[in-house]
Amino acid sequence: MDLAEIELFGTLMRVGTTTETARVLGLSQPAISDRLKRLESSLGFLLFQRRGNRLEPSAEALELYAQTGAVFAAQKDIRARIEAIRGDQSRPVTISATPAVVEGYLAPRLARAGYRGWARSLRLWVGEPEEDVGRGRADIGMQLAVPPRPDLAEETLGDVALVAVMLPDHPLAARASLVVGDFRDQPLVGFDPDWSPMGAVIRRVFRAEGLPYRLACQVPYSSTVCHMITACGGIGIIDAMTAESLLTTGLVTRPIEHVPTLPLRAFYRRDTPLRARAQQLLRALAEV
């Protein structure tokens, strides 16, 4: 007996009529009767005696049903699990990302990947991606320069350059490009290196050039760097994505020579495989 035949037999045993079995299985009553005849023929013995509209199981049917009960129970459990998985699939994919990634990378990529009109469901948090993914609050985290962790699996989405940002009347704005030594004694607006992975990268760059990483103004995000420089002057180092998408009117940027790019990574819990919808989202972002 194959699985379809076991399903037919088990349903007949439970409901007792070909008419009700047809309703349960979504088939016609003649189709159920025909399948039962073929099953009995292949087995070589009768399973049921016809008593009016009812089917009375034979001793052979009762013995067979006792042996196949575990299959019926497993089938019920599988169907229940399928429904649970379907319900889980209806949950939005949750992404936790930093503001620079949301505004400079994720928003334009989602538009190019076909998310216009919001035919698909997505939940987006702007916060602390590592913590959100690690605690299970988000399916996927996205961040620049995130340090590797053994509990997180990673995919590199691209590499992002660092640029200097300043007001047009800043003395360094007259240059086409800068080097790290140009930041010596400049009032620097930037990130806490003990909290921000990007700040840690910039501090390493400064130390490699023998320069102290001293901040005149400490801020959390690249967009905040732009706002504070607009208000108070100084110079900052931000990612090129923010420079292209969020740069406040009136500021200028300059490339910085001989500094490493920052890897933009998506990551998720290594011990929790991504749902199909989350995998599809990552593929869609990688393909545009």
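Start by colouring by accessibility: 43% of the chain's 288 residues count as buried, meaning under 20% relative accessible area with a 1.4 Å probe and protein chains only. This is a predicted model, where local features need pLDDT of at least 70 and side-chain atom pairs count only at pLDDT 80 or more, while totals for chains, interfaces and linings use all residues. Numbering runs from 1 along each chain as its sequence is written, and side-chain values use heavy atoms, with hydrogens and water left out.

Now zoom out and switch to cartoon. You get 10 helices and 12 strands, taken as DSSP runs (H or I, at least four residues; E, at least two) numbered from the N terminus. The radius of gyration, over C-alpha atoms, is 32 Å, well over the 19 Å of the globule rule (2.2 Å times the number of residues to the power 0.38), so the chain is more spread out than a compact globule. Its C-alpha trace spans about 100 × 35 × 25 Å along the principal axes.

Next, select L162, V180, F183, I202, V205, F206, I237, I256 and V259, which line the largest cavity. About 50 Å³ of space lies in there. Helix α7 (residues 197-208) gives the most to this lining, with 3 residues.

Last stop: which residues lie nearest the centre of the largest pocket? Pick T98, Q143, W195, S196 and P197, out of 17 lining residues. Elements giving two or more residues to that lining are α5 (99-112), α6 (129-134), β5 (140-144) and α7.

For both stops, a 1 Å grid over the protein atoms alone was used: a cavity is a set of points where a 1.4 Å probe fits but cannot get out, a pocket is an open set with protein on both sides within 12 Å along at least five of seven lines, and lining residues have an atom within 4 Å of a point. Volume is the space filled by probe spheres set on the points, which are joined across faces, edges and corners.

Conventions. Buried means under 20% relative accessible area, exposed over 50%, partly exposed in between (1.4 Å probe, protein chains only).
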